[in-house]
Amino acid sequence: MLFAAHIITAYPHMFPGPLGESLSGRALADGLWQLQTHDLRNFGHGKHQNIDDTPAGGGAGMVLRADVAAGALDNVTDNVKGADKLPVILPSPRGQLFSQEMARDWAEADGLIFLCNRFEGVDERFIEARRPLEVSLGDYVLGGGELAAMAMLEAVLRLLPGVMGKAESGTDESFSAANDGLLEYPHYTRPQEWEGRAIPDIVTGGDHEKLAAWRRAEAEALTQKRRPDLWDKLAGKREDEKN
Ligand code: ADE
């Protein structure tokens, strides 16, 4: 089944954007996934096809109307074959944090529907009625969900069968099971010496066991130093596995 990415947005011309380049772009051209944008404005109201309005009760910004969001989403789920089974994602800074685990899960689906919002929020009644998965890229606020959707989608696309060549294989990378969820060890390539810095002897020495142990130690040290939160989580997992 061809992986179908549906993007509901008031800015359909932002897509494929960066997803049309490099690995995901080649995969798109090769027909390994397909992209369909759906213009929110087509579901707007009045002469100006308004999709947002001022917040009830006052406050800053504008709110995406529930009927507009639902009209656009239902149009996809009712009219695209199989789309009613796809995960519906609402990128939002108040969502649960996006993770490699989520990317792996979503790569098993037949596609994804992203509803991108550019305003203060979406009318809560839409969220209650349609139950999209609210997902955040991190604790900062973007101008809209489009770049977040692209980032999440890129993380998923590179995991689809055939998208990543052997040369770019992701089995050993940060957060991967093969790497026990650790950050990645340091990498080197030619030249052997650059600005007086040589590649560590252990990397080029040819002792594969020693190198694997060194890489493991580096990955652990890096994770402990940079991501104590991740290190503690992994330590908890190791404890659970022992018990
Ligand atoms: N929209 C605005 N900010 C966002 C964030 N941090 N993550 C996902 N979607 C967003």
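## Backbone features in loops

Pro 16 is found in the loop between β1 (3-9) and α1 (22-29), where helices (H or I, at least four residues) and strands (E, at least two) are DSSP runs numbered from the N terminus. A cis peptide bond, with omega of about 0°, joins Phe 15 to Pro 16. Another cis peptide bond links Arg 190 and Pro 191, with omega again about 0°; Pro 191 sits in the loop between α5 (146-157) and β9 (193-194).

Gln 49 has a positive phi of about 50° although it is not a glycine. Its place is in the loop between β2 (33-39) and β3 (52-53).

## Basis of the model

This is a predicted model, in which local features need pLDDT of at least 70 and side-chain atom pairs count only at pLDDT 80 or more, while totals for chains, interfaces and linings use all residues. Residues are numbered from 1 along each chain as its sequence is written, and side-chain values use heavy atoms, leaving out hydrogens and water.

## Ligand surroundings

A backbone N or O atom of Leu 137 is 2.9 Å from a ligand nitrogen atom. For Tyr 140, a backbone N or O atom lies 2.7 Å from a nitrogen atom of the ligand, and for Leu 142 the corresponding distance is 2.9 Å. The ligand taken alone exposes 260 Å², of which the protein buries 96% (accessible areas by the Shrake-Rupley method with a 1.4 Å probe).

Note on methods:
A polar contact is a pair of N or O atoms within 3.5 Å; within protein, one must be able to donate a hydrogen and the other to accept it, and residues adjacent in sequence count only if both atoms are side-chain atoms.
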